[in-house]
Every structure is written in structure tokens, then in C-alpha cells.
Amino acid sequence: MADVKLTGVHKYYGNVHAVRGLDLTISDGEFAVLVGPSGCGKSTLLRTIAGLEDPDDGTIAIGGAIVNDLRPRERNIAMVFQNYALYPYLTVNENIAFGLRARKTPEIEIRKRVSEAAEMLGIGNLLQRYPRQLSGGQRQRVAIGRAIVRKADLFLFDEPLSNLDAQLRDEMRTEIKRLHHEITTTMIYVTHDQVEAMTLADRIVLLRDGKIEQQGAPLELFERPRTGFVAGFLGSPSINLIPATLTAMNGGLSVVFGSGESLTVPPAKATALSSVAGREVIVGIRPQHFGRAGDGPLRDGVVPYSAVADLIQPTGTRTFTTIKIGGVDAVAELQAHDVQSHGERIQLAIDLNRMVLIDPATGSVIA
Amino acid sequence: MTFSLSFNGTEHRRPSRLGRVLEDRLPYLIVAPAILVLLLVGLFPLIYSLIVSFQRITMTDNDTSFAGLLNYAELFRDTRLWASLGHTAIITAIALPLELLIGFLMAQLFIDRMPGRQLFVALLVLPTVISPIVAGATWRLLFDVRFGPIGEILSFFAGEPIRILWTVNPAYVYPAIIICEVWQWSPFMFLLLLAALSNVDQSQLEAAEIDGASYLRVLRAIILPAIAPVIAVACLIRGLDLVRIFDIIWALTEGGPGSMTETISLYTYVQGFSQFETSYTAAISFLVIALLTLITTLVLKRMEIAR
Amino acid sequence: MRLMKLPTRKGRVLVLRYIGAGVVTLLFLFPVYWLFMISFKTPDEIYHVPPLWMPGQIQFSNYYVLFKDGDVMAILNSLIVAGVSSAIAIILGTLCAYSLARFGTGGENLAMWIISQRMIPPIAVVFPIFLIYVYFGLVDGYFGLIVLYTAFNLPYVIWMMRGYIVDVPLELEESALVDGLNRWQVIWKVVFPMVRPGLMATSVFTFVFAWNDFLFALVLTRTEVITFPVMLTHYFGGQSNFWAKIAAMSVLGTLPIFVAVTVMQRYLVRGISLGAVKG
């Protein structure tokens with residue numbers, strides 16, 4: 001059990017400044033997910049915590065002790081790698097016991113822990129096999145088993161699911177979440193997949209260009225992104241971003257699009273924005289915040305909008321529909337049967353209470 | 001030993017200072033012994049040889065005074081030296097293409113799967129791995145004018161008795177050497193080319209087949225370009241080996257008749273170990289190294305240009 | 001129609017290929033066959049005109065003579081010298097290769113220098129080495145030959161093993177580092193098992209090179225540590241060749257290699273081709 005505290009960590013690869021003065025605290029027992037586009041420094045950061053890379057500056061503390069000078073094996077961590085890193089010349093049993101043998105754990109203890117872990121992961125019947133005789137999902141379980149038996153202070157996962165097919169990935173994701181509930185060790189998990197990040201994390205740390213863009217609980221980042229980048233990175237399909245001008249209109253504020261169309265900003269948001277009227281903004285509306293307009297009156301801040309359905313992509317439960325807002329393509333996520341055919345005119349309701357307005361110059365969210 | 005130094009059973013104790021140093025310096029520690037041996041046996045004699053080549057040491061006279069370029073100037077007046085280089089060039093120029101061609105044909109024969117292919121390949125490798133001295137001795141027995149089977153076989157096909165003094169008759173010594181050399185090393189080419197051919201992109205070949213391209217066209221347009229790098233490397237390896245050819249000739253003709261098949265390696269050996277022209281031998285050695293370096297560099301340059 | 005014809009055409013081609021394969025194999029193995037047959041012949045059969053294609057009966061007196069005269073010591077010498085030098089070259093070379101492959105020690109220059117060591121023709125260094133060995137009294141001893149063969153095999157081992165080690169996934173080593181091994185243990189417990197096939201192939205070739213060497217052994221041995229190729233040349237001499245001894249000694253000197261090559265066969269093709277293709 002341990003917390004992790006990074007202070008002012010820098011890492012260079014030649015001329016590339018991969019991690020740029022990063023501070024991060026992960027508390028004991030927390031499941032933190034480092035997420036970001038490729039090249040954002042998330043893997044480097046994880047490897048630095050593991051001790052596989054040395055930071056060029058800054059300190060790394062695990063469980064209150066600074067570990068900069070400690071070797072990976074001295075940090076009492078366990079790590080699961082992208083390609084499983086199973087030893088092909090060892091059986092599953094020997095693979096799982098590898099770390100314990102390396103630490104000269106008594107043989108009785110090894111046997112006990114291996115069978116516990118195997119049972120927890122449902123691979124008890126595979127112990128005598130070799131990795132090449134296993135499926136991808138089974139290999140991943142063995143790799144996780146090898147980490148569990150170590151009873152380490154800290155678990156590190158480096159994109160462990162990216163080599164699995166979609167269905168297995170969902171399954172293993174659930175497995176890992178359950179694992180964390182059972183053993184409650186601090187876990188740091190690297191992924192580029194925002195769905196994995198959202199579903200697994202107690203806390204998401206969103207990285208960009210070697211710095212933390214924003215961190216917090218998944219829904220906090222989703223609902224209150226601090227920058228356009230965060231808004232765009234999380235959520236599927238991506239948030240719709242439409243350029244517009246904030247304009248004072250009819251005693252309130254509206255966003256006016258290039259096409260001349262306009263939407264009224266809800267009064268709750270408008271008061272905070274009155275000082276910046278006349279500015280260029282980017283309006284961010286999530287596909288989930290569209291709906292088919294019903295017969296009854298609309299709630300405050302929900303505005304009607306009439307659009308023509310262009311592309312229609314049913315997924316079974318929901319149907320993604322491409323429409324034009326302010327002359328720009330946007331995706332609306334509707335109920336399965338809300339829209340029938342290409343070219344159909346549909347009456348939509350947009351929940352503007354949850355829209356974000358982004359400053360195009362700085363990329364940060366104004367409201 | 002080092003394991004116990006740098007490793008403790010408990011999880012949080014640090015290893016000893018010595019263990020840490022051993023681990024930190026590991027990249028250099030494990031390079032050092034090999035480099036040391038190479039310097040000692042590879043570089044040191046070369047430097048020593050370079051010094052000797054500028055002195056006047058012969059069998060009778062241990063004169064270590066500075067001779068300038070005397071020995072190197074002597075190289076240009078030494079007709080037997082240039083003759084031996086010529087012999088080396090002849091053998092290389094004939095044997096290398098032959099080995100390549102035969103190796104390629106063999107590879108073509110075995111490229112498609114057939115039951116028992118592994119066995120054939122295993123058997124065909126044998127000539128390549130036996131000692132060149134044994135190869136030479138074997139062919140000496142085969143070529144023997146009275147008790148060897150070659151003459152018998154040739155007589156059978158010719159329909160009249162054929163008696164050839166293969167290792168003595170000036171007209172046949174080169175064929176004898178080259179036959180033996182080609183017998184031993186074609187299988188080497190075969191193995192390399194077989195591996196290269198089986199790496200040729202199958203989909204390209206299939207596409208060509210569907211397009212109705214002739215075999216020669218496929219060979220020129222697809223196969224040869226694909227295996228060209230391997231051919232180049234194989235020729236380089238074999239070429240360098242042929243230039244230093246020694247064992248087979250020693251076993252077959254010992255350079256004879258006279259000095260007719262004396263290659264540069266044999267000549268150097270004679271100068272060093274029969275004539276004991278110490279300083280002059282050193283100079284010859286550097287001529288050989290210079291020539292080989294030149295050839296290698298040229299070949300590698302051409303390969304890079306081709307790429 | 002086409003479906004009916006296809007198998008027969010393929011079948012015919014296959015038969016032709018088997019015939020071709022048989023002829024080629026026969027051609028290349030005939031000299032080996034002849035060598036073995038002579039070693040089993042009596043002197044009368046060896047010096048028979050016309051030559052006999054087969055001995056009347058398999059008899060081992062030619063080998064017996066080699067043992068009686070003590071000539072087999074040459075085989076033993078070869079075994080010791082080639083075996084020990086290969087073992088040392090493999091250990092030193094693999095460690096060096098690991099450092100080059102994983103840490104890029106010495107950069108490209110060191111790697112190139114090591115490979116260039118292999119290009120140096122033996123004839124160019126044998127003479128100065130001889131002089132140095134005479135000076136240090138190393139001629140005609142095991143130690144001198146072993147050091148020499150080790151040095152001459154090292155570039156090959158390093159070159160080959162570097163190729164194999166580069167193919168070992170880095171994650172395996174990192175995982176072991178996290179799990180509790182130090183670098184030395186990682187080499188021993190992860191890298192060695194991973195490159196075992198390559199190690200086998202390389203060992204065989206290293207052994208064969210040392211075993212087959214003639215020039216160095218010719219120059220650096222006198223009476224004590226004569227290796228089998230040198231012993232073989234002692235039997236040559238104009239028309240009075242000791243054919244029986246030549247054949248029997250050749251077979252004895254070839255058998256260990258045939259055995260090694262046959263046992264390791266599945267590793268060798270990769271060993272030969274990889275070395276050249278990657279070069």
C-alpha cells in the first residue's frame with residue numbers, strides 16, 4: 001500500500017522534452033489512469049515511476065520515500081506490459097511464480113499465492129501450459145496473475161488491453177476493475193483509449209505534450225472540461241465544435257454562427273459571460289445533448305432546433321445522425337427510431353445548459 | 001557469484017555497494033574481456049607486424065634498423081608475388097561465379113516443398129562443414145591417376161581409357177582445385193540462397209503468374225531484385241575466403257607444379273616460414289590487408305549505391 | 001478437365017524434382033562416400049586397379065592403426081582446443097553482444113571495428129603471432145591455440161549473437177527487472193533462455209571453425225598439440241601417401257562435425273542464413 005508523489009519531473013529523449021515539469025499526487029488505494037494522445041508522455045511517465053527510466057529532474061516518492069535512486073526491483077512495484085511479457089520457455093505456473101522466486105520467497109508461500117491468484121483469475125486449469133498454448137485473453141490473465149502474487153505496493157499497467165480484440169477488451173476491463181475492488185492496491189494505468197480511462201479510473205490524469213492538461217474524477221472531466229482539448233478528447237462520438245460569435249441579443253446573450261443562425265445562451269450561463277459579449281468563441285455541444293423535441297414545453301436552457309438528417313448510423317440502442325448546425329457538420333446521438341431516412345427534417349432539442357464555450361485563442365473553456 | 005553480491009532476499013534492503021557498482025558498470029564490464037582478447041590477438045600483432053615491416057630482419061640477420069620503404073619497394077619488383085596474386089585472382093574469378101550459379105540452381109530445385117526436403121538439405125550441407133584439408137585430401141584420393149575413381153568414371157563415358165595427372169599436369173591443376181573448391185562451397189551458397197528465395201514475397205509471384213509473366217521475366221523482375229542483397233553478402237563472404245585460399249591447395253598441389261598454383265597466402269607462408277624473410281613477409285601481409293580492405297570497401301560501396 | 005490434369009502435372013514435376021534431388025545429392029556425397037569406403041578397405045583393395053567401388057568387407061584395421069600408433073591424440077587435441085576455445089568465445093562474445101545490442105556500448109564504431117576484425121586474413125597475422133608466441137614460449141601448447149581460436153571466433157559470435165539478442169523483446173527484460181532481478185540475473189535467466197537456439201547454432205559453427213582450422217595449427221604446433229588437419233598433412237608425401245591413414249583420420253576428423261551438424265540441423269539453416277542476411 002502506498003501513495004505516489006511526483007514533483008517537478010522532467011524527462012528528455014535527446015532533443016525531445018517528453019515530460020515537462022510534472023507534479024502529480026496519487027493517493028493510497030486510488031486507481032489513476034494516465035491518458036492522452038500518443039506522444040503525450042504517459043508511457044514515459046509510467047516507466048519513470050517504475051524506474052525503467054531515470055527522470056532528468058524532479059523527485060518520485062512512493063509510500064513517502066523518495067525512490068529516484070532505487071532500482072525497479074527495489075521499489076516493490078508490479079507491472080503489466082502491453083505485450084504481456086510472458087517468458088515463452090516457462091510454464092504459466094513458473095511465469096506467475098517468477099517474481100517470487102527472484103525474491104527467494106519460500107516455496108510453500110509461492111505455491112499458496114500462485115493458486116490464490118490463479119483461482120481469482122480463473123486460470124487454475126492452465127498452470128502447466130506454455131504461453132504459446134494460450135489465447136490473448138488468457139495470456140493477459142497470466143500477466144496480471146504474475147503481478148498479483150507479488151503483493152506489491154503499487155501496480156503499474158502499460159496499455160495492457162491494446163492487443164486484445166474489442167470483446168475481450170471489454171471483458172478484461174471489467175476484470176481489472178473487479179481486481180482493484182478486491183485487492184485495493186494503488187494502481188496507475190496508462191491507456192490512449194478514453195473509454196478505458198472513463199470506465200476504470202477513480203481519477204483521470206489527462207496528459208498533453210508532457211504536461212497535465214486536467215485531472216479529476218471521470219465525470220468531472222467529462223462535464224466540466226477546463227480546455228477544448230479535454231472536451232474533445234473525452235466522449236464518444238467526439239464533442240461537436242462550432243465557431244460562433246457571442247452577441248448581446250433581446251436582453252440576453254446568443255451565439256451567432258457563420259451561417260447567421262443563432263442559439264440563445266441560457267440565462268444561468270449568460271450572466272457570467274456578459275462582459276465578453278462580441279467575442280469569437282467555439283461552441284462545444286456533445287452529441288448526447290441532442291434529443292428529439294417532444295410535444296410538451298422545453299426545460300430552461302433547452303432550445304428547439306430544426307435540422308435535416310444527413311448520414312444515419314444506427315448502433316442498435318442509439319442512432320448517430322449527422323446534421324448541420326450553423327453550416328458545420330455535427331453529430332447528434334438520438335434514440336434508435338428517432339430518425340428514419342436520409343434527408344428527413346427532424347425537430348431537435350438541444351440542452352445548452354451543458355454546452356461549453358471555448359476561447360479559440362487560448363483553447364481554454366470560458367463557460 | 002555476482003548474483004549473491006548484488007542481491008538480497010528481502011524486498012526493501014538495498015544491495016551492497018559492490019553489487020551496485022558491478023551492475024552500473026555492466027555494459028562496460030561485459031564488453032571488456034572480448035575487446036581485450038581482440039586487441040591482444042587481433043590488433044597487437046598487426047602493430048608489431050607494421051613495425052617489423054620497416055626493419056631489415058631476415059633469417060640470418062636480426063637487423064632491426066629502420067629500412068624505410070625498402071621492403072615495400074621490393075614488393076613491386078617481386079614477380080613471384082604478382083604471379084601468386086594472379087593465381088589467386090584466377091581461382092576467385094572462376095570459382096565464385098560457379099559456386100553462385102550452382103548454389104542458385106540447387107536452391108531452385110529445393111525451393112518448393114517436397115517430402116524429405118529437410119533430409120536432402122541436411123545431406124547437402126555436409127561438404128561445407130568438413131575441414132578444407134579433408135576436402136583436399138579426399139579429392140586427392142579421387143583424382144589419383146591409378147587408384148582414384150574419377151579416371152575410371154571419365155573412361156566409362158569416353159569409351160576409352162583416360163589417364164589424367166590432375167594434381168601434376170599444368171593443364172589440369174586449376175580445374176582440380178576449382179572442382180574441389182566448388183564442391184565444398186556451392187552448398188554454402190545453396191543454403192543462403194534457399195533462405196533468401198523462401199523469403200521472396202509470395203503474393204508478388206502469384207500476381208506475376210496471374211499476369212502470365214514468363215519464368216525469365218519473373219526471375220529478372222521479382223526474384224533477383226529480392227535476393228540481390230543476400231547474393232551480394234554471400235559473394236563478399238565467399239570472395240574474401242577465396243582470396244585467402246590456402247588449405248585446399250596445400251592438400252591438393254602444395255602450390256605446384258613448381259609455383260604454378262601458388263596463391264598469395266601460400267606465397268606469404270613460404271616467405272615467412274621457409275625463407276624466414278621476416279620483414280619482407282610483414283610487408284606482404286600489409287599488401288594483402290590493403291588489397292582486401294580495398295575490395296571490401298568497393299563492394300560495400302556498390303551495395304550501398306544499389307540500395 | 002483442368003482439375004483432372006492438375007494433380008498429374010504436379011505429380012510429374014514432383015517426380016522430376018526427386019530425380020534431380022537424388023542426382024545432386026549423389027554427386028555431392030560421392031566424395032564423402034569414397035572417403036568412408038577407403039577407410040574400411042584393406043591395402044590390397046585400396047591399391048586395386050581398377051578401383052573397387054566397395055570394400056569386400058567392413059573392417060577397422062585402418063582405425064586400429066591410428067589408435068595403436070597414438071595418432072588419435074591429434075583428434076583429442078582438436079577436441080580440447082576447439083571445445084575450450086568455443087566455450088570461451090561463446091561466453092565472452094554473447095556478453096559483449098548483449099552490451100552492444102542493449103546499451104549500444106561504443107556506438108556503431110565499436111561494432112564495425114569488431115566486424116572488421118573478421119575481415120583480416122589469417123595469413124596476414126599468423127606470422128607476427130608466430131614471432132610473438134615464440135618470444136613468450138606459447139608455441140606448441142594448448143593455451144596459445146585456445147587464445148588464438150577464441151580471438152578469431154569472437155567477431156563471429158558477437159555478430160551473430162547481437163542479431164539474436166536484438167530480437168528479444170525488451171519488455172521481457174524490463175518485466176524481470178521490475179520483478180526482482182538485477183541485470184546480471186536478467187542476462188542469465190531471461191536473455192540466455194531466449195536466445196538458446198541461436199546460441200546452439202553459433203556454438204556449432206564456432207566449434208567447426210576452430211576444428212577445421214589448418215593454417216594456425218600448422219604454424220603454431222610442433223609435436224605436442226598437433227591437431228587433426230595438421231596430422232593429416234603429415235601423411236602426404238609424393239606417391240607414397242598413406243591412403244589408409246589419410247582416409248581413416250579424415251573420417252575420424254569429420255564424424256564429430258557430422259554428428260554436431262545433424263543433431264543441430266534445425267538451428268543451423270537459420271544460423272547460416274541469418275548471419276549472412278543480417279550482415
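Which residues does V33(A) touch, not counting residues up to four places away in sequence? Select V33(A) and then Y189(A), T191(A), A197(A), L200(A), A201(A), I204(A) and V205(A), which V33(A) touches. Here a contact means that the C-beta atoms of two residues, placed from the backbone, lie within 7 Å.

Before the tour continues, note that this is a predicted model, in which local features need pLDDT of at least 70, side-chain atom pairs count only at pLDDT 80 or more, and totals for chains, interfaces and linings use all residues. Residues are numbered from 1 along each chain as its sequence is written, while chains are lettered from A and ligands numbered from 1 in the order in which they are written.

A residue counts as buried if 20 or more other C-beta atoms lie within 10 Å of its own, as exposed if 12 or fewer do, and as partly exposed in between.

**Second stop: chain A**

Colour chain A by its domain assignment, which gives domain 1 (4–224) and domain 2 (240–358); the bounds come from an automatic or database domain assignment. The C-alpha centres of domain 1 of chain A and domain 2 of chain A lie 40 Å apart.

Next select T321(A), in strand 18 (residues 318–325) of chain A. Helices (H or I, at least four residues) and strands (E, at least two) are DSSP runs, numbered from the N terminus. T321(A) counts as buried because it has 26 C-beta neighbours inside 10 Å. Leaving aside residues up to four places away in sequence, T321(A) touches A309(A), I312(A), A332(A), L334(A) and V339(A). For a distance across the chain, pick T321(A) and R73(A): they are 248 residues apart in sequence and 52 Å apart in space, C-alpha to C-alpha.

Chain B has 14 helices and 2 strands. Its radius of gyration is 26 Å, well over the 19 Å that the globule rule gives for 307 residues, so chain B is more spread out than a compact globule. The radius is taken over C-alpha atoms, and the rule is 2.2 Å times the number of residues to the power 0.38. Along the principal axes, the C-alpha atoms of chain B fill a box of roughly 85 × 70 × 40 Å. Buried residues make up 38% of the 307 residues in chain B.

Chain B is divided into domain 1 (1–52) and domain 2 (70–306), with C-alpha centres 40 Å apart.

Now select L252(B), which has its place in helix 12 (residues 247–252) of chain B. L252(B) is buried, because 26 other C-beta atoms lie within 10 Å. Its contacts, not counting residues up to four places away in sequence, are G136(B), W139(B), R140(B), T167(B), A176(B), I177(B) and C180(B).

Chain C contains 14 helices and 0 strands. Its radius of gyration is 24 Å, whereas a compact globule of 279 residues would have one near 19 Å. In chain C, buried residues make up 51% of the 279 residues. The domains of chain C are domain 1 (8–38) and domain 2 (67–274), and their C-alpha centres lie 32 Å apart.

Select helix 6 (residues 122–136) of chain C. At 1.5 Å a residue, the 15 residues of this helix should span 21 Å, and its end C-alpha atoms are 20 Å apart, which agrees; the expected span is 1.5 Å times one less than the number of residues. Among the buried residues of helix 6 of chain C are I123(C), F127(C), F130(C) and Y133(C). Helix 6 of chain C is followed by G137(C), whose phi is positive, near 65°.

**Last stop: where the chains meet**

Show chains B and C together: the contact takes 77 residues from chain B and 75 residues from chain C. Helix 3 (residues 26–53) of chain B gives the most to the side of chain B that touches chain C, with 16 residues. That side has 59 nonpolar, 13 polar and 5 charged residues. Ala, Val, Leu, Ile, Met, Phe, Trp, Tyr, Cys and Pro count as nonpolar, Asp, Glu, Lys and Arg as charged, and the others, Gly among them, as polar.

Finally, show chains A and C, where 16 residues of chain A are in contact with 13 residues of chain C. Strand 6 (77–80) and helix 2 (92–102) of chain A each give two or more residues to the side of chain A that touches chain C.
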